[in-house]
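I opened this model to look up its sheets, one of its helices, and its pockets and cavities. My entries follow in the order in which I made them.

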Amino acid sequence: MRKHIVLVILAATLLGLTGKSWTAEPLVNADWVKANIGKPGVVFLDVRAEGRTDYMRGHIPGAVYSDYAKDGWRVKDKNGTVGMLPEPAAVEKLVGGLGIDNGTHVVIVSSGLNALDMGTAARIYWTLKVMGHDNVSILDGGWNAYAAVDEKTKKPLNPMQSGNVAPVAKTFKASPRRDMIPTKEDVKKAAAAGKVALVDNRPNDFFVGVTKAGSAKKPGTIPGARNLPESWITENNGGKFRDKATLERLYAAAGVPTSGDAINFCNTGHWASLGWFASYEILGNKKAKMYDGSMVEWSADPGLPIEVKINAAK
């Protein structure tokens with residue numbers, strides 16, 4: 001017994017010295033970020049949609065910047081489907097180039113203005129997870145939460161740094177978890193069997209067929225899918241995720257189960273990553289998966305069924 005206690009204390013001590021954690025919490029807040037600035041093994045990954053210019057004006061001290069839309073986080077695959085997960089070698093080069101190795105705790109910082117912004121963080125989080133990297137968190141509320149100011153003094157509550165931080169490249173090795181990435185054929189079988197919850201995380205106008213994404217061939221949704229819009233996932237469609245209890249009520253209202261096999265999808269796998277994150281991490285459903293190709297890939301196949309509830313899209 002005494003030997004066991006000594007080993008636990010030793011492990012905890014070594015953990016503190018290395019600055020690394022065995023498991024990262026999916027969500028961290030601005031106070032956690034402030035307390036971990038400069039900590040060895042922690043990389044703050046700034047992916048604000050406003051671009052490098054805003055990053056240069058001010059960011060979390062030591063944070064590195066990556067352009068979600070331009071740096072290769074999502075690519076066109078060999079079939080012409082846009083917004084897809086890159087090949088493992090490309091992810092290794094991208095992530096390693098940002099100063100991230102397999103021991104790094106990555107904290108993703110998006111703009112945090114709305115659910116769409118948080119979708120950027122969730123998509124990158126999903127990318128790292130499916131590539132085998134579990135030591136990753138999202139800053140709840142994003143940059144908008146970190147950049148809060150004192151109501152009286154109007155001064156920032158948290159330290160900031162201007163200019164660019166050039167990362168020192170490291171070696172990142174991907175270990176793809178193919179079981180987390182359902183293919184079109186997997187979704188086709190799931191839809192036919194009717195035993196897997198299909199969750200459409202697009203706004204309702206896309207779900208019913210009133211609106212069609214420009215990159216999709218047809219409007220509508222996968223037959224049998226339930227609609228849980230991405231804007232429901234965050235508080236008032238803002239940058240902070242809803243708590244577990246509230247999400248459970250919203251899932252019930254949408255007729256979406258909180259446990260068991262589920263596949264989230266949208267148009268290109270951006271909004272769906274938000275729904276996947278809510279199911280997989282906040283609600284704890286480790287059977288939830290995301291269909292990367294989503295409706296853009298699905299609608300491009302003339303042999304696959306599409307349900308249109310209101311035929312008004314052009």
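I took buried to mean under 20% relative accessible area, exposed over 50%, and partly exposed in between, with a 1.4 Å probe and protein chains only. Helices (H or I, at least four residues) and strands (E, at least two) are DSSP runs numbered from the N terminus. This is a predicted model, in which local features need pLDDT of at least 70 and side-chain atom pairs count only at pLDDT 80 or more, while totals for chains, interfaces and linings use all residues. Residues are numbered from 1 along each chain as its sequence is written, and side-chain values use heavy atoms, with hydrogens and water left out.

Entry 1, helix 4. I looked up which residues of helix 4 (residues 88-97) are buried, and found Pro88, Val91, Glu92, Leu94, Val95 and Gly96. These buried residues pack against helix 5 (115-130), where contact means heavy atoms within 4.5 Å. Just after helix 4, I noted glycine 99 with a positive phi of about 80°.

I counted two strands as paired if DSSP finds at least two bridges between them. I found an open sheet of five strands in the order 1-5-4-2-3, with parallel pairing. Strand 1 (27-28) and strand 3 (64-65) are at the edges and have a single partner strand each, so one side of each lacks a neighbour in the sheet. Strand 1 pairs with strand 5 (residues 136-139) in the parallel sense over two bridges, and valine 28 stands opposite leucine 139 in strand 5. Helix 5 lies across strand 2, strand 4 (105-109) and strand 5, and runs at about 180° to strand 5. For that angle, axes are lines fitted to C-alpha atoms, for helices over the stretch in contact, and angles run from 0 to 180 degrees between N-to-C directions.

I asked which residues cover the two faces of strand 6 (residues 197-200). Ala197 and Val199 are on one side, Leu198 and Asp200 on the other, and all are buried. Strand 6 pairs in the parallel sense with strand 8 (residues 262-265) over four bridges, with aspartate 200 opposite phenylalanine 265. Strand 6 also pairs in the parallel sense with strand 7 (residues 226-227), over two bridges, and here valine 199 stands opposite arginine 226.

On a 1 Å grid over the protein atoms alone, a cavity is a set of points where a 1.4 Å probe fits but cannot get out, a pocket is an open set with protein on both sides within 12 Å along at least five of seven lines, and lining residues have an atom within 4 Å of a point. The largest pocket has a volume of about 470 Å³. Of its 20 lining residues, Asp77, Met84, Leu85, Glu87 and Asp292 lie nearest its centre. The second largest pocket has a volume of about 300 Å³. It is also lined by 20 residues, with Val42, Val43, Gly62, Val64 and Gly99 nearest its centre. Strand 2 (residues 42-46) gives the most to this lining, with three residues.

I found one cavity of 30 Å³ or more. The largest cavity has a volume of about 30 Å³, and its lining includes Arg202, Thr211, Lys212, Asn267 and Met295.

Conventions: Points joined across faces, edges and corners; volume = space filled by probe spheres on them.
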